Each structure stands twice: as structure tokens, then as C-alpha cells.
Amino acid sequence: MGDFMHRRTTLAICLVVSMVMAALPMSPQNSLDELGQASFSGTADRVVIDTPQPSMSADEVVDFDAIIYDAVNNIVSGDVSWSSSNGSITSEGLFFPWSSGLIEITAEHNGLKATHNISVSPGVATAIEITSLNFMAQVSGHLTAELLDGRGNRMAGGQNLVWDIDGEYLGHGSPVWTPDSTGAFSAKVRYNQLQDDAHLTVAAGSPHAFVFPDILQVRAGSLTQIRPTLVDGNGYEMPLSTIPSIAWYAENGSFNAQGEYLATNTGRWVVSATSGNVTGTGTIHVIPGDAVASELVFLDQPLVYMAGESYELAYERRDESGYIGFVSPPIQSLHVDSGGLSVDEELRVFWNPSTTGLATLSGQDGTVMTQKTVTVVHGRAIDVFFETTPNTPSAGDQVVLVLRAVDVKGNTWTVNGTASMEIGNADEFTQSTSYWILQAEEARSWRFEGSWYDNSTGAQFVTDKTFDVGVGRLAFITLEGEGSLVPADGELDLNPQFFDAFGNQLAPVSLNWTLDGVDITLDMLLNDGQWVATTLGGHELRVNADGVFATVRLTVTAGTPHALLTDFDDGLYVRAGTPSDIFVQVVDVHGNLAEANQVTTSINASFGELAASPTGLGYWSFTGKQVGVYTLDLQEGDAQHTIEVTVGAGDPIRIQATLSRENIAEGDVVLLGAIGTDAFGNSISIPKDNTTVTCTAGDSSFVTNGTWEIDVNEGGTDRSCTIRWNGLLAQTFFDVDEVLLGGAVGSTNTAMTMAAILLFLILAVLIVLNRKASQASQEEWMEEAFDDDEYEYDEDEGEVPESVDSAVVDTTPVEERHGLTEESIKELAIHAGEIGVMQATPSTTQGETGWYVDVSEELQYWEVTPDGEWIRHE
């Protein structure tokens, strides 16, 4: 690129110089003066081209300068004329090259000449041209192209040329191309941004041979032009005009100089053409003209017609000129009812029979109809095979096995070969003369080997056959699950199995399903054959297929427990020690109810126990132990349920009797407490009814449940009180001290105290009366002084007036009067805190009027009215 720019610059400078010189006066003197050269008047001796450059490109312009010298080398002025062997040069010596090469530049002055050879190379390429345009088929040749500069100078493209033929890349530079066939091809070459397209012509090579058509058919007595094809050594055609003349030869008939053949006799005759060392040979089939009589014949006249063989057909034709000969019929003029027709390369027609038996062939030769009937037998054996009848045996079938041969057309016939059983059951197999019989019962595989020697061809054939005896018709269906217990939310796979009459198992077949007479086929299909139980109770499932039935009976039980129900959901009251049945049922997701058989509870064993009841399924026996109100939680599986259970005291087994104090004397009034106790230590209040109390120390009177008052009036030791209730008896023994006045006022100390008090009271009264004598009359004073209310006290409350001596007050702790101890009071208080209800003392029935203990361990007396109102008495 730099060299190109340099040349462009040089050319521009030369053009400028040329224009300047053209504007100056053209006298030699002025020219020399302008150049600063001296002028002399000597005689010119020689002309010299001043410092010429050796080479240039066709794109450049070079300015030449010539100097005239005299004999002593002095410069002489004078005109110089310029000329060049190629290109153009101005009178001032400005040279414009045309063609590349060695160019001679001549400067002349008065017969004196000076020459200079300058080498002109091509300039920058401005075009590209493909130069290789003609090729020969199957002959390798180089693809060439030349680059052209702006002057038309050519130069080689080198390796930078890129070629493609018909759009396919071929190579770089000057690649070798070998055309496969004759014809025109599109070539394209590229060089940088330059491109050229051209059509390449591929012609055949030198003449090599004459090729006659495969089919040359002419009519007898006719003149026909014969034109063979002229080809080169590779078989490519070329015009017959390529060779000067052709010499003809005919085995029968004659040729004229123009290559026209005169047919004289029917038949197939050899003809040839020759031109120098180029020759060719063909065959001409001379046939009669239009038929006036014709017969369809077999040219080889076989004795038998075997399936799978080929037989050439022809019309034996006679024309109106008397010419007789065989003519290959057009295949469309023939019709056969067995086998097929074919045509070879020479247009000969062949019949290929296939099925055995009579075969009819017919044809129409022009206007003449012809027909032929032959008998076809099986062809030559190509293989043998075993044939079974039936082809697909099943258990119970009688299978016949024969050995048969087969020809190429598939015709088969029975042959007398040998056979042996390799796999099977010999008990089911029977061999006869030309066949074998097996009575199939078991579904299994069989394998036989057989052989046969073909005497006609001397070939030995062997074969084997393996087949399976399939299962027979459906005879039995079996189902699983007979007598099963199926949960209502579960599934049962009945797993139907199918068997034939011989016990062979069949593949699954489509079934019709009924449940208790109702069709459920669609449900079973949607559930992949799994039966989903929903309704409790016994059910009958029945299936049928192909007239075969199977039945299974089963029972549907409740599914996974979802909830529990009892017959005491509103609450249960039980007596300690007495089992009470609770009927518990489970509820599944379908709402089905069933007896609960695996119920558990987490209730404290000291409060009560839950166990299965002998009453029956679903009955659970709860036995309370400790009096109170409890929450009984029931659980089976994931289902839970709670009911409230109130445990009352059970049947009494003993009576405990206690006195309110230990030291008793005549005249004392003591309280006798009695409580019943059941087997679990629960206290039972003893009512008045059915209870008798007898004491040897005095009379008794009923105070409240479990409490009697004893009026002690008999002193002595080993006094006793006996309590009888519900067949139970309890006695308590005690000693009674004898006192003054027989104990009418209590003990001796009490009597003395009372006497002292009485005296003191009398004295006090006297003093008071004396003081009030002045204020009121004697009757009023006495009435006020001796008011009855002042000295009353409530026997029921066990209290005495303050004025009474403390010696007559019962000091027995109140809890002991009711058969309690500090420990038992604490236990009742704890139990009251657990259930939130005050607990009755042993002498009181829970929920009735009597004594109670609350969480504060305080003993309180409560009255329960008939209306259910509770009133506390202080």
C-alpha cells in the first residue's frame, strides 16, 4: 500500500512539473537558462539520458531528461525528441506506460540517439478474469485466473484466489478440478474485493467407440436409419460429426452410405460401425409387420411349469407379406391369472408363475387375440418348516404337527421327513407315519427338530419349531378375602385369579362386579380393582367374566376410630366397689358405629378402674373406688371422649362407733357417733331408719345422721352401746363414774359446783332485791329478777349459760364428736380442693343436711332445705 501511495505521489509531481514546463517559453535557451545550465556553442557529439530510473509500475509516470554533449563533454543546447517502444512520451520527456515489460525510451538530437530500457511492472489490480474455461470430463485440470491493472496488464493471482464451482468451495490459488460429467458449470473466483464469474464448458474426450441402442427393432422389408452414439473413453457422448465417415456391416440385410438398414429376413442380426480405430457392434431384431395371425408361445417350450421359474413369452406372428417370426409382446398387451410378468433390458417379456394349478395367459397382438392354458406345479424346495394345526394352540386342543416344504413363491407341500421332540411332555405326544399329534393340557413351551432330504435336488433341509401352548378358555375365577373383616375406611384387594379347565392361569380379564346384587364395576375400575368398604355388616361380592362367576362373602367393620360415643355422655353415677357398665361405640369417618373393643383410660387407679365387661362387645365396666366427681377420659386409637363420673360410697362393710369423750360419769350427756365404711374406706352416713342403738348406761336419742345423744344414768364399769344397721353391728365399751344424787346433776364435782353456784346466786339475789326494794314493788322486782329466759340454754347446740360453771360444759373436741381426726379433716379438705365441693363428714350424707369440711379445714354445719337451698348455722 505504501508503494502504491509513493507511485501516486510521483505521478502527481510529474503532472505538476509537466504543466509548469508547458507554460514556459519553449526556446532551448530559455529552458537552459531556467534550469541554471550554461549554454555553449560547441558541436553536439552525443546525447545522454540523465540518471534514468530502472523500473516503474504501469500506474506511474516518469519524467526523463536528456543532455547533449560535444566532443569535450561540454553541454550543448538543442532540441531533443523523445520516443518509446510502448506507451506514450511527451516532447518534454514525460513518459506514460501502457503495457508491462521492458520498454525502450529513446532520446534523439540531430541523428544522435540515447536509449534506456525501463522495466514496467503491472500496477495495482483493478479487475480479475478467469482464464481456464474449457475442460474434459474425467480429466483433471487447473483452474486459473489473472489479475488486471488499470492498463489491462495481467498478473498472476497467487494463492490469494478463492474458488467455488456451482456454489461449492473448491480451493485456493490454482486448484485441480476433475469434472464428473459433461455440461456447463458455474465458476466463481475472488481476490480481495475483486470477483469474476464464468461458465466452464466440460466436453467429452477423444472419440473411442460406437454404442448401439440395446433395443433395435425393425420391421422386415423396411428401410430404417441407424444412428449409434459416439462416446469417448469414459462413455461421454459427442456428435457423430466429430468423425469424418462411418463404414457399416450387417449380418443379414444391408446398409447404404447414409447408415440406412434394409431388413430382408426376420430374426436377430449383428450389425457394426467403424471409423478408423473407432468401432461398435449391436443387434438388430427384425420382426414381421402387423399380424394377420399370431399365437402366444413359450420360446423354450418347457415340459412342466414350476412356480418361481421364469418363462419367456413371444408372439409367433405372420404378417400380410408372409414374414413369420417371434415378436416380444408389449407387457401391457398380456394378462395372466397367476404369477406376474417382467421385462428385461432387451424388452423380452417373462412369465413368473406363483400359485400351483391351472393358469391362463392371454394376449392381444394388434387385432389378433391369443390365449394359452398351462398347469403350474410347486417349484424347487428352498426350505422346510413345521406346520401346527391349530396355529395358536391352547390347553385342551389336539395339535397336529406336519413337516412341509416351501418353494420361492411360498407354495407348500407335505414331505415325509423325520422329527424329534426336544422340549415338551412326552406323555402328551404321539408320533404317526407322516404327522405327529400332541394332546395339549399344560400351558407350556414345545420345541421340535426335523429334517428332510430332497431327492430331486440332493439338498438336505433341517428345521426346528418352538411354540407355546397357551391357556384355554376361562373356567374358574378365584378371589381372596373370603370371611375377611374389612374396616369401613380400608381397602381390600380381592386379587382375582383366572384359570382354565386344566388349572392353567390366565392373564387378567375385564370383570363385572356386583355388591349385594348392585353393579359396582365402574367403581372398581376407577379404584384399580381395590374394593373400598363403606357400609357395615356382611356383604357378598360377585364377579363374572365370559359366563364364569366367583363369589366372596366378608364382613365390614367400623373403620379407624374418629370419635367415641357412650350411653352416659350426660354423666355417670357409680357406687364404690360396684361395677357399672358403659356402652362405648366408635364412629369412623363414614359415620358408621361399632363396638369399641380397645378402650383405654388414664384415670388415676386410686379413683377407679376401667375394664372390659363380660356383658358383651363394646361394654366396659367402671369400678369406682374413692368418693368424688371425676373426668373419665376414654381413648381408642386417635379418638378421645370424656364423661363425668360421680363416685358415691359403696356398700358398708363395717361400723365405727365413738363417744364424744372418754371420762363419763352418771348424769352426763354424751354424743355417740357412728359411721359406716365401705371396702375402699369411704365413709357412709348412718341414717335413723333401720338403725337401732342400745346402751347399758342410759337411754339414747337420735340427733342427726350418725349421731345419737346418750343420757348416762347408770354408773359402773364395762358399760356399752350397741349399734345395729344393715346387718352390721358395732359396740363401744366405756366406764361410768358414780356421782352424788345418782348423777342427776352430773358428776360429784358438778353437783358440788352447782351447789356452790346456787348459794352464790341466792346471795346475789338477796343483795339485788335489797337494793331495788326502793324502786319497785316486791312483785315486780321478783318477776324481773327471776325471768325464765335468763337461765335457758339450747340443748341442741350443747351450750350452757355463762353463769353456769364450766365443769358442766362438754369439752370434747367437736371433730371427735363426728368421728373425725385432724388427719381425716385434712384429707377431706384436700379432696374438697381437688373437686371444688365441700366434703361431708362420715356422719353426714353428701348433699344432705349435716356437717361438712371445706378447704380451710373448718367443720361447718349446713342445712339443706327441700328447695335445695343451703343455710349455714354458726
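Buried means under 20% relative accessible area, exposed means over 50%, and partly exposed lies in between, using a 1.4 Å probe and protein chains only. By that scale leucine 759 is exposed, at a relative accessible area of 61%. This is a predicted model: local features need pLDDT of at least 70, side-chain atom pairs count only at pLDDT 80 or more, and totals for chains, interfaces and linings use all residues. Residues are numbered from 1 along each chain as its sequence is written, and side-chain values use heavy atoms, with hydrogens and water left out. Helices (H or I, at least four residues) and strands (E, at least two) are DSSP runs, numbered from the N terminus.

**Surface patch**

- Leucine 759 sits in helix α4, residues 748-772.
- Leu758, Leu759, Ile762 and Leu766 make a nonpolar surface patch of about 420 Å².
- Patches take residues with over 30% relative accessible area and no salt bridge; like charges are joined within 9 Å, and nonpolar side chains (Val, Leu, Ile, Met, Phe, Trp, Tyr) within 5 Å.
- A salt bridge is a side-chain nitrogen of Lys or Arg within 4 Å of a carboxyl oxygen of Asp or Glu.
- Accessible areas come from the Shrake-Rupley method with a 1.4 Å probe; for residues, only the protein chains shown count as cover.

- Strands of a sheet pair through backbone hydrogen bonds, either parallel or antiparallel.
- Two strands count as paired if DSSP finds at least two bridges between them.
- Here three strands form an open sheet, ordered β23-β28-β27, with antiparallel pairing.
- β23 (223-225) and β27 (254-255) are the edges; each has a single partner strand, so one side of each lacks a neighbour in the sheet.
- Three bridges link β23 to β28 (residues 260-262) in the antiparallel sense.
- Glutamine 225 has glutamate 260 of β28 as its bridge partner.

**Around strand β14**

- β14 (residues 145-149) is mostly covered, with four of its five residues buried.
- β11 (residues 125-130) runs antiparallel to β14 and is joined to β14 by five bridges.
- Isoleucine 128 has leucine 147 of β14 as its bridge partner.
- β15 (residues 154-156) is also antiparallel to β14, through three bridges.
- Leucine 148 stands opposite arginine 154 in β15.
- The β14 and β15 hairpin has four residues between the strands; there, glycine 152 takes a positive phi near 85 degrees.

**Backbone exceptions**

- Most residues other than glycine have a negative phi, and most peptide bonds are trans.
- Threonine 51 is not a glycine, yet has a positive phi of about 35 degrees.
- Threonine 51 lies in the loop between β1 (44-49) and β2 (55-57), and is exposed at 68% relative accessibility.
- Aspartate 166 also has a positive phi, near 50 degrees.
- Aspartate 166 belongs to the loop between β16 (162-165) and β17 (168-172), and is partly exposed at 46%.
- Threonine 389 and proline 390 are joined by a cis peptide bond, with omega about 0 degrees.
- Proline 390 lies in the loop between β40 (383-389) and β41 (398-406).

**Histidine 831**

- Histidine 831 is in helix α7 (residues 822-835) and is buried, at 7% relative accessible area.
- A polar atom of the histidine 831 side chain lies 2.5 Å from the backbone oxygen of valine 627.
- Beyond neighbours within four places in sequence, histidine 831 is in contact (heavy atoms within 4.5 Å) with Gln626, Val627, Gly628, Tyr630 and Gln839.

How values were computed
A polar contact is a pair of N or O atoms within 3.5 Å; within protein, one must be able to donate a hydrogen and the other to accept it, and residues adjacent in sequence count only if both atoms are side-chain atoms.
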